[in-house]
Amino acid sequence: MRLRALSLVPILALAPVATHAEPAPTIAATSIAEVPPPGRANVSFEVAPLLGSTSPTPAGWSGFLVRVQNNEAKPLRGEVEVLSRLHSDQMRFRATAPFVVGAGTSVVVRLPTHGAVYGETNVVARDDAGVVLGSHTAAVTNMQEVFLLDVSETSRLKGALHDASISPLFSPWGGYGAYGTGPQLKVGAPRFDPATGDPILPDRAALYAPASAVLLRSDTLVKIGAAELEALSGYVLAGGTLAVALARPEDLRSPLLAAFAGGEIAQTSVHSETLRELVLPSAPSNATKSIPFAEAANEEVAKTLVGFSGGNLHGSRYGASATYGLGEFHLLAFDPTRKPAVDDPWAQARVLDLTRRAFDRKSSIVYRQGGSPGTVDLDRVRQELDPNESSRWGIAVAALLLIVYAVLAGPVNFTMHGSKGKPLRALVWLPILSAIAFFAVVLIGLAAKGLSGRSRHLTLVEAGAGMTKGTARRWRGFFTPRSKDLTVRTSDGSSVVTTAVVAAPATIDDHMLVDRDGARLVDLALLPWQTVVVREDGFADVGEGISIVREGEKDTAVTNRSGHDLRAAVLVLPGLEPRYFPMIKDGERVLASAGKDVKASPQGTTWVRQIGGTRRAGSLDLHPLAGHYLGTLINADAPGLGEAWLAVEGSSGGLVDWFPEDVPVLLGQLDGGEGKTSDAGLKLERDRLLVRVVGYGGRP
């Protein structure tokens, strides 16, 4: 039975104001940017990517680690700023965090950034007088690197696998020609605090976006801080991959490992699946590095191989593996971070294949936490959240009124007074009729658009079957009848926000403030009667989860324990015809065989045919949502839901496998939304909450 998602203490912002007298983490010289200005010669500034100097700065979310060393005799106050922008300056994202550092001490600040394709990111630290303490500039890459984060103080694996040829099946780039030598694996390592010996890891799941997989030892995992552990578990929950090498036998009793594995873990003999031969795809002839084939582990490594059982674990080519939410947890049969395994091609090939698999699995996530899908269509999202779309009737009524006015003020007015022998009196009535028409049009406009500001939400929660928590992409629309500056807070301490859509000719110019009160967009400018859409990457509770379990040999049972009625639910099962349920009430258990046959209607037949058609992305076949045809199937039971799914499909970027062939997928709407009544001080008038549940799991 699948356990609940890790429930750890919420993240308390980034704690950027804290100072300490112990030595701060040292950042590699290759990533140091020091510019001591006049009068601040005793202050040093260092900056590096949060996931290590070799990690990419991609389009989408990532982070920087900033260290300010104060060697002066008095405390220093200031602010760290990360500015990301396009070269044209038509899109800017600025994140700031204050800091205070005592005399003779240093402070480390973790700061998120949202990079734009073909743009650059600039990190600057200033004191409270505005004097620049240092700056650092990094280019934003357009490539989605295959990146492995090795959480080791000194990464031996980096020397063995960095720049090794890798062949993912999923290709969001549209081909590998740009690489020349083919895609290569990048290996990076985070910074460690020498005072505590702990790694400095992201405290928001979205900041793991550059990483395809995370590898660490069990003794490191059990001592990670609460905020960092919440972010790491969220990363896996949202579709990431975590690989753990057992450092000490007693670590198997850790509740953290049990939570990821889905139950208590016991050590066993090595699984036969782990010993099976693994042949990697051939590397290009001009590849800079490749892993030689090894039929079996060398004798020294073979003596150390172990297996594991318990919870959801099953034997795999890497050791023992289990699903956790949308992601995967691997308990390795060997320790690739230490000798002898780090030097063994057999072990290296398995780490390479694990990372390749982690990258390929991104194709099955609609909204990757913190990721950038590239070119997307947000117009339908705006339409879903824009009150102007529901006030089109005002235009029609106003047009009809103007036609009536033209007839009355012209032919009728002059003809009527001309027949009475007083044609000039028509000129007296003309301004009266014009004034009446003018005020009538104004009143119609006010009635259509309203006199008060309001907000709307469109949220997709993606969760593993039976999980109580899922990754959430919230599209939050804001609308006011007059110019206004808003402060938009995140829904929880682990979320990140950025503006997605603004009305022309305005441009996106975000300022995200990060302090002890949390992260928030400040001074978000709204124009009169124009809608601004904000994107939020975070998480959402799903009550006690929605279970999908096998029932007997041929049937499947779905149990809704989400705390909401599930409306217009479509269940797509591997190798079987999709089933449809107009409503699955909270607490209700239904069998797939009792659902309606989707193909019983012409609309359903067309939709099934469409999702069966595939789109290629590299060597993978992707199954589309086919939102246009889905709407005809579900709109009768859930008005407007088809348009909402169509908006989600358009904003996902297109390269998504909505219905993987080996697991069930359940789509539907959770009635009642997330239960909020306002957002940023504006009334929440519509809160549409969609859910996508993937895989088998949960209580029967």
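Two or more of its lining residues come from each of β17 (454–464), β18 (469–480) and β23 (530–541), and β18 gives the largest share, three residues. Strands here are DSSP runs of E with at least two residues, and helices are runs of H or I with at least four, both numbered from the N terminus. The space in this cavity amounts to about 40 Å³. Its lining comprises three nonpolar, three polar and four charged residues, where Ala, Val, Leu, Ile, Met, Phe, Trp, Tyr, Cys and Pro count as nonpolar, Asp, Glu, Lys and Arg as charged, and the others, Gly among them, as polar.

The structure is a predicted model, in which local features need pLDDT of at least 70 and side-chain atom pairs pLDDT 80 or more, whereas totals for chains, interfaces and linings use all residues. Residues are numbered from 1 along each chain as its sequence is written, and side-chain values use heavy atoms, without hydrogens and water.

Two cavities of 30 Å³ or more are present. On a 1 Å grid over the protein atoms alone, a cavity is a set of points where a 1.4 Å probe fits but cannot get out, a pocket is an open set with protein on both sides within 12 Å along at least five of seven lines, and lining residues have an atom within 4 Å of a point. Grid points are joined across faces, edges and corners, and a volume is the space filled by probe spheres set on the points. The largest cavity holds about 50 Å³ and is lined by P49, L50, L51, S55, P56, T57, S62, G63, F64 and P210. Strand β2 (residues 60–70) provides the largest share of this lining, three residues. Six of the lining residues are nonpolar, four are polar and none is charged.

The second largest pocket has a volume of about 740 Å³. Among its 26 lining residues, R357, R361, P660, D662 and V663 are the closest to its centre. The largest share of the lining, three residues, belongs to α7. By class, eight lining residues are nonpolar, seven polar and 11 charged.

Helix α9 (residues 392–419) contains V404, which is partly exposed because its relative accessibility is 38%. A398 also lies in α9 but counts as buried, with 12% relative accessibility; buried means under 20% relative accessible area, exposed over 50%, and partly exposed in between (1.4 Å probe, protein chains only).
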